[in-house]
Amino acid sequence: MNRVCSDPLQKVEQSVLAHEGLGKRHISFSFVRSCHRILENQRLEVLESLDMEPSLEASSPTTQVKSAEALLENAARLKTEGNTFYKEKNFRSAIGRYHRALLVLRSLDPNVLASVKGFTPDRPVLESEHETRLRNIQVDCYNNLAACLLQKQEVDYVRVQEYSLRVLQWRPEDAKALYRAGVATLEVGDAQAAKHYLMLASTVQPNDVKVLKHLQRAEEKINRELQKEKAMYRSMFSS
């Protein structure tokens with residue numbers, strides 16, 4: 001008999017791990033749909049666990065600020081737990097914690113909340129300090145997720161690319177994200193785009209051996225593709 005999990009965020013973590021190919025169960029629906037379904041069914045439990053009182057009435061600015069701080073603290077705690085698991089090379093658990101931290105932050109992020117109707121009664125007020133902390137935690141989690149995935153025996157480079165590009169939306173000069181975006185993009189077959197990211201990474205870290213190594217790989221692949229194209233045109237016009 002399967003053990004029933006009462007923690008809604010842990011249910012999300014289990015679905016995430018299955019979606020990342022790290023869990024034992026197979027899910028036939030998308031990660032987002034899974035998260036939304038779980039959160040719709042367990043919304044009151046989530047609010048209760050965060051010491052938030054669900055109410056149809058608008059909460060005061062002071063209460064909303066406290067709610068934002070509570071959510072940020074919870075996300076920061078989950079990220080720290082993920083970092084500990086990463087240092088222990090427990091990448092499966094680290095991935096779960098980072099996803100849970102990002103899920104908590106969804107209720108604060110104005111960029112995603114508009115498309116998730118009914119997620120919470122009111123979005124807590126975000127002061128500039130809160131928004132800075134929000135982005136910092138998001139950047140760290142996406143960067144660390146990409147790092148975790150690169151440790152797998154079979155790397156999902158599409159997902160590494162996705163996470164790295166999310167970081168670059170907020171921090172275009174993030175050296176780690178530029179490097180990982182370059183490596184992942186090279187592996188999925190776009191050498192030109194990979195060269196672009198790796199060249200940017202080399203301007204930030206000009207002496208990084210790994211960056212220079214993959215930049216050379218990208219340039220060699222571009223040259224090979226160019227030679228193949230030239231050979232194809234020569235054969236077309238010589239026949």
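Guide: A residue is called buried when its relative accessible area is under 20%, and exposed when that area is over 50%. The model discussed here is predicted. With that cut-off, the buried residues of α8 can be listed: Ala175, Ala177, Leu178, Tyr179, Arg180, Ala181, Gly182, Val183, Ala184, Thr185 and Leu186. That is 11 of the 13 residues of α8, so this helix is largely enclosed by the rest of the structure.

At 1.5 Å a residue, its 13 residues should span 18 Å, and the C-alpha atoms at its ends are 18 Å apart, so the two values agree. The N-terminal end of α8 is capped by Asp174, which has a side-chain oxygen 3.2 Å from the backbone nitrogen of Lys176. After α8 comes Gly189, with a positive phi near 110°.

Now for the setting of this helix. The chain has 10 helices and 0 strands. Of its 239 residues, 41% count as buried. The accessible surface of the chain is about 14,200 Å², and carbon and sulfur atoms account for 49% of that surface. Among contacts between residues at least 6 apart in sequence, 62% join residues that are at least 24 apart.

Helix α8 also takes part in the largest nonpolar core. This core has 45 residues, and the members that touch the most others are Leu105, Leu108 and Leu145. At least two core residues come from each of α3, α4, α6, α7, α8, α9 and α10. The largest contribution is that of α6, with 9 residues. For Leu145, the contacts beyond its neighbours within four places in sequence are Ile95, Tyr98, His99, Leu102 and Tyr163.

Cys141 is buried, because its relative accessibility is 0%. Cys148 is likewise buried, because its relative accessibility is 0%. A disulfide requires two cysteine sulfur atoms within 2.5 Å, and by this rule the count is 0 disulfides.

Helix α4, another contributor to the core, contains Arg97. Arg97 has a relative accessible area of 17%, so it counts as buried. The side chain of Arg97 makes a polar contact of 2.9 Å with the side chain of Glu81.

In the loop between α3 and α4 lies Lys89. Lys89 has a positive phi of about 65°, although it is not a glycine. With a relative accessible area of 63%, Lys89 is exposed. In the loop between α4 and α5 lies Ser107. Ser107 is buried, because its relative accessibility is 5%. A polar atom of the Ser107 side chain lies 2.9 Å from the backbone oxygen of Val104. Ser107 is also 39 residues from Ala68 in sequence, while their C-alpha atoms are 9.1 Å apart in space.

To return to the part requested: α8 is a helix of 13 residues, 11 of them buried, with Asp174 capping its N-terminal end and Gly189 following it.

How values were computed
Residues are numbered from 1 along each chain as its sequence is written. This is a predicted model: local features need pLDDT of at least 70, side-chain atom pairs count only at pLDDT 80 or more; totals for chains, interfaces and linings use all residues. Side-chain values use heavy atoms; hydrogens and water are left out. Buried means under 20% relative accessible area, exposed over 50%, partly exposed in between (1.4 Å probe, protein chains only). A nonpolar core is a set of buried Ala, Val, Leu, Ile, Met, Phe, Trp, Tyr and Cys residues joined through side-chain atoms within 4.5 Å. Helices (H or I, at least four residues) and strands (E, at least two) are DSSP runs, numbered from the N terminus. Contact means heavy atoms within 4.5 Å. Accessible areas come from the Shrake-Rupley method with a 1.4 Å probe; for residues, only the protein chains shown count as cover. The expected span of a helix is 1.5 Å times one less than its number of residues. A polar contact is a pair of N or O atoms within 3.5 Å; within protein, one must be able to donate a hydrogen and the other to accept it, and residues adjacent in sequence count only if both atoms are side-chain atoms.
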